[in-house]
Amino acid sequence: MFRPWVLFWLLTAGVCCQETPRWRFLASPGSCYQGFIDKSQAYRGQRCAAIRSLPSAFASSSGIYWQAIDASSYRGQRLRLEAYMRSQEVTGWAGLWLRLDPKEGPPLDFDNMQDRPVVGTTPWQAYSIEINV
């Protein structure tokens with residue numbers, strides 16, 4: 001049975017969120033980024049999931065918040081991920097990442113905003129990406 005999964009990735013300095021129980025933080029390699037919940041810089045008074053690069057960070061390293069969902073019920077539809085993000089002194093790139101994975105094999109659809117990155121220092125702004133399921 002074909003069962004697609006959608007992976008949501010947040011590659012950013014700050015993403016507005018109310019709760020983070022389903023979001024996991026991952027840094028690659030493990031000591032380059034710090035993920036934390038920030039109440040002081042939150043968008044509209046909500047908490048935000050923040051990612052901070054550490055001195056050990058380098059060009060090909062990354063820090064992400066991610067979660068996976070069963071996308072079977074979205075088959076034949078477009079799926080949109082929307083988030084408010086802000087950045088501070090981003091020298092590489094930051095953005096949202098949405099990927100549709102089958103149970104086995106390469107991704108079926110993908111968008112990571114790398115062609116329209118968030119760079120430098122930006123105020124809170126709404127961003128969205130979409131993929132076909």
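Residues are numbered from 1 along each chain as its sequence is written, and side-chain values use heavy atoms, with hydrogens and water left out. Because the model is predicted, local features need pLDDT of at least 70 and side-chain atom pairs count only at pLDDT 80 or more, whereas totals for chains, interfaces and linings use all residues.

Me: How many helices and strands are there in the protein chain?
Reply: Helices (H or I, at least four residues) and strands (E, at least two) are DSSP runs, numbered from the N terminus. Along the sequence the pattern reads β-β-β-β-β-β-β-β-β. The count is zero helices and nine strands.

Me: How many contacts beyond near neighbours in sequence does the stretch of residues 6-19 have in the model?
Reply: Where pLDDT is low, predicted coordinates should not be read in detail. Residues 6-19 have a pLDDT below 50. With contact meaning heavy atoms within 4.5 Å, the number for this stretch, beyond near neighbours in sequence, is 83.

Me: What share of the contacts with a separation of 6 or more comes from residues 24 or more positions apart?
Reply: The share is taken over contacts in the protein chain whose separation is 6 or more. Residues 24 or more positions apart account for 73%.

Me: Which strand pairs with β7 over eleven bridges?
Reply: Two strands pair if DSSP finds at least two bridges between them. β7 and β8 pair in the antiparallel sense over three bridges, with Arg99 partnered by Phe110 in β8. Glu82 has Ser128 as its bridge partner in β9. The strand joined to β7 by eleven bridges, also antiparallel, is β9.

Me: Is Glu89 buried or exposed?
Reply: Glu89 lies in strand β7 (residues 78-101) and has a positive phi of about 55 degrees although it is not a glycine. Most residues other than glycine have a negative phi. Buried means under 20% relative accessible area, exposed over 50%, and partly exposed in between (1.4 Å probe, protein chains only). Because its relative accessible area is 61%, Glu89 is exposed.

Me: Is Met113 buried or exposed?
Reply: Met113 is found in the loop between β8 (109-111) and β9 (118-132). Its phi is positive, about 65 degrees, although Met113 is not a glycine. With a relative accessible area of 1%, Met113 is buried.

Me: What distance separates the C-alpha atoms of Pro55 and Tyr33?
Reply: Pro55 belongs to the loop between β5 (48-53) and β6 (62-70) and counts as exposed, at 85% relative accessibility. Pro55 and Tyr33 are 22 residues apart along the chain. Their C-alpha atoms are separated by 8.7 Å.

Me: How many disulfides does a search of the whole structure find?
Reply: Cys32 counts as buried, at 2% relative accessibility, and Cys48 is buried with a relative accessible area of 2%. A disulfide is a pair of cysteine sulfur atoms within 2.5 Å. The number found in the whole structure is zero.

Me: What percentage of the residues of the protein chain count as buried?
Reply: The protein chain exposes about 7800 Å² (Shrake-Rupley method with a 1.4 Å probe; for residues, only the protein chains shown count as cover). Carbon and sulfur atoms supply 49% of that area. Of the 133 residues, the buried percentage is 41%.

Notes: pLDDT = per-residue confidence, 0-100.
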